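Here is a short report on one protein structure. Look at the sequence and the model, then read on.

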Amino acid sequence: MSLQADGKLPPGPQGGGAMTPTLTALLCLGLSVGVRTQVQAGTLPKPTIWAEPGSVIPWGRPVTIWCQGTLGAQEFRLHKEGSLARWDTQRPLEPGDKATFSISYMTEHNTGRYRCYYHSLTGRSQDSDALVLRMSGWLRGIPSLSVQPGSMVASGQSVTLLCQSRISMDTFLLFKEGAAHPPLRLRSKFQGGQYRAEFSLSPVTAAHGGTYRCYSSLNTSPYLLSQPSDPLKLPVSGGAPGLRWYVNVPITGSVAFVVIVLLLLLLIRYLCQERRRKSDAAENDTQPAEGVQLDHQAAPSTCPQDVTHSTLRWETIAAPPSRSGEPPAEPTLYATLAIH
């Protein structure tokens, strides 16, 4: 290839020269979209997965699996680990952040670990945590559950929940009603003619209180369980519940004290008004006799506003004799009121 005099390459045939600005922009846009799609895939928040009425379902009963993501999800997909079947797809329910997947009849084929994810306009979410579906009633025998050293447990103590069965079992599982965490799982030990597992709780807090059940299973089929044990209620005394009781006492006492003070103030005001009314009525009904000098001082009142004392003085002054010999006129009665 020869160079021109200015040192540049000669232009090629038509259409084979340098890229036009439009072509360059399109290529850059395509690379940008491709990189952004790869970055966004799997970066949306992972959804939450749970089952209703629970993760342990009796044989033949229905169960609903919920998958909840973020608003704007276009579709949800559910998959069972180890299954070659296609992912089950559902459209979101209103308001558009969750979907349901129904199993109308629980069998051993429906047990296992499930995960879900969702698609939106901005990409694909991460996979959810695993939901483990188990079926109860598959194995014969019903284990028993007890608490040691006693049924009454105080906060801070150590207790042991003992699950045991007379039938040979490999594993025991301890479930707490309403708990979000997975069940506790222990291998069984043969002791005292029974297969048993000891679940230790130490130190006990108020969060440990609740209702427990245990199941047994075999290693060959870990998702197929026995019937549940009878429910065991574990009450925990002390801790946060006691603190709430002590806080309520001073609050209630303060309110009662304020009410009593208000009632006393109203009673004092009423007594003052009654005493003042009776005192005014007594003064209006009193008529002093003629020629009698009366010093009357009001009794000091217990009411704060009655701080004035008054002195009422009555005087009789005789009229001068008449020059014509007529009897003198009636004496004149004067009253003088002094206010202190």
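**Terms and model**

A residue is buried under 20% relative accessible area, exposed over 50%, and partly exposed in between (1.4 Å probe, protein chains only). This is a predicted model: local features need pLDDT of at least 70, side-chain atom pairs count only at pLDDT 80 or more, and totals for chains, interfaces and linings use all residues. Residues are numbered from 1 along each chain as its sequence is written, and side-chain values use heavy atoms, without hydrogens and water.

**Aromatic pairs**

Rings of Phe, Tyr and Trp (its six-membered ring) pair if their centres lie within 6.5 Å; planes under 30 degrees apart are stacked, over 60 edge-to-face, the rest tilted. The count is six aromatic pairs. One of them joins Trp59 and Tyr105 edge-to-face, at 5.5 Å centre to centre and 80° between the planes. Tyr105 is partly exposed, with a relative accessible area of 43%. Trp59 is partly exposed too, at 49%.

Phe175 and Tyr215 also pair edge-to-face, with 5.3 Å between centres and 80° between planes. Phe175 lies in strand 13 (residues 171–176) and Tyr215 in strand 17 (residues 210–218), so the pair ties together parts 40 residues apart in sequence. Both Phe175 and Tyr215 are buried.

**An open sheet**

Strands are DSSP runs of E, at least two residues, and helices are runs of H or I, at least four, numbered from the N terminus. Two strands pair if DSSP finds at least two bridges between them. Three strands form an open antiparallel sheet in the order 1-3-6. Its edge strands are strand 1 (48–52) and strand 6 (98–103). Six bridges join strand 3 (residues 63–68) to strand 6. Gln68 has Lys98 as its bridge partner in strand 6.
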